[in-house]
Amino acid sequence: MNGYDYLIPKSFTEVWDLNKKFPGAGYIAGGTDLMVRIKQREIRPRALISLRSIPELSGIDIGDTIRLGAMTTITDLIQHPELGRILPVLIQAAKRLGGTQIRNVATLGGNLCNCSPCADTALPLLVLEARVVLKGPEGAREVPLSDFFVSPGESCLLPGEILTDILLDRPSVDTRSVFMKKGRVRMDLAIASFALLVEIKSSGPGCSKVRIAAGSVAPVPLRLKEVEQLLENTGISEEIFLNAQKMAEGIVSPITDIRSTEDYRRRIVGVYLKRALRKLIYTNGEWHKEK
Ligand SMILES: Cc1cc2nc3c(=O)[nH]c(=O)nc-3n(C[C@H](O)[C@H](O)[C@H](O)COP(=O)(O)OP(=O)(O)OC[C@H]3O[C@@H](n4cnc5c(N)ncnc54)[C@H](O)[C@@H]3O)c2cc1C
């Protein structure tokens, strides 16, 4: 491995100065993606700027808007006393990310900025319609997470920008959600993954809101907006579920690689959608009426 400088700024101002002094330096959060790439000689950074000692990047604030600092570790999410109740779909996904040692250092910001199509936390955050705050020397901007991912390994971050916060509106009490993941073994990157969020109509059968996301089945974590529209504000039946399943299988564009085949991935998405719909809104011919 080539040598590199390891820099530990304590403020954003220091970060911007270091970027000028060390052109081409990269950011490191938990290092669980980055160090693998350095060891495999995929990248050879001249310097790494650690984001660990910048206080503004930490912390979880719960209000009508929920703020998750980018340096929040996956374990921090899981152990938070309120998040499991408020954002169950995020915590379900967090529990499926890697093993304990990885979750203890891997950060939420790193999972998103790595821009892998299989990033586990991306799917729940997509169905929760998260926004991300991106900060550079000239100021900060807010971007919907669905616009953040550009291609595998590439986000809309400008050179030097840092993802500082993930922002979410608190879901309504009528919201139900679920995360599903298929790996070759339980602890593995996803062959395919899936998240569904529905808001049940208070007036009768049906959903006033449906949000669907799928992972490892397109170049980026994907929202299935056409399927959402098919299912929103319509009657619900096994026939509609089947149409939605077929539509979802047609929309995704998976590839065949060492983990799985294109065809199997496509089918998993369809099957997960149908299972998730049944689980959340329609069981044995009866609507879930209880909250
Ligand atoms: C054994 C193993 C198992 C794994 N299992 C899973 C799994 O099941 N599911 C899954 O989704 N992932 C998995 N991963 C991948 C990895 O652990 C996660 O993607 C993790 O969340 C990355 O976070 P990090 O803090 O370690 O990121 P880092 O490795 O530090 O950074 C990743 C990239 O993001 C950039 N970056 C990080 N934070 C910021 C920021 N705030 N602003 C701007 N850029 C930033 C870095 O420059 C780097 O390019 C696994 C990894 C390993 C080694």
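1. Let's start with the domains. In this predicted model, the protein chain is assigned three of them: domain 1 covers 5-50, domain 2 covers 55-169 and domain 3 covers 175-282. If you take the centres over C-alpha atoms, domain 1 and domain 3 sit 37 Å apart.

2. Strand β1 (residues 5-7) pairs with strand β3 (residues 47-50) in the parallel sense, with three bridges between them. To find this pairing on screen, look for Asp 5, which stands opposite Ala 47 in β3.

3. β3 has another partner, too. Strand β2 (residues 26-28) runs parallel to β3, and three bridges join the two. Here the pair to pick out is Tyr 27 and Ile 49, the latter in β3, standing opposite each other. Between β2 and β3 the chain passes through helix α2 (residues 34-39), making a β-α-β crossover that is right-handed.

4. Next, the ligand. Its surroundings consist of 29 residues, and the closest are Ala 29, Gly 30, Gly 110, Asn 111 and Cys 113. Sorted by class, the shell holds 17 nonpolar, ten polar and two charged residues.

5. Which elements supply at least two residues each to that shell? They are β2, α2, α7 (108-113) and β10 (162-169). The top contributor is α7, which gives four residues.

6. Finally, where does the ligand's shell lie relative to the domains? Both domain 1 (5-50) and domain 2 (55-169) give residues to the shell around the ligand, so it lies between them.

Conventions. Residues are numbered from 1 along each chain as its sequence is written. This is a predicted model: local features need pLDDT of at least 70, side-chain atom pairs count only at pLDDT 80 or more; totals for chains, interfaces and linings use all residues. Domain bounds come from an automatic or database domain assignment. Two strands pair if DSSP finds at least two bridges between them. A crossover is right-handed if, with the strands pointing away from the viewer, the path from the first strand over the helix to the second runs clockwise. A residue is near a molecule or strand if its C-beta atom, placed from the backbone, lies within 6 Å of it. Ala, Val, Leu, Ile, Met, Phe, Trp, Tyr, Cys and Pro count as nonpolar, Asp, Glu, Lys and Arg as charged, and the others, Gly among them, as polar.
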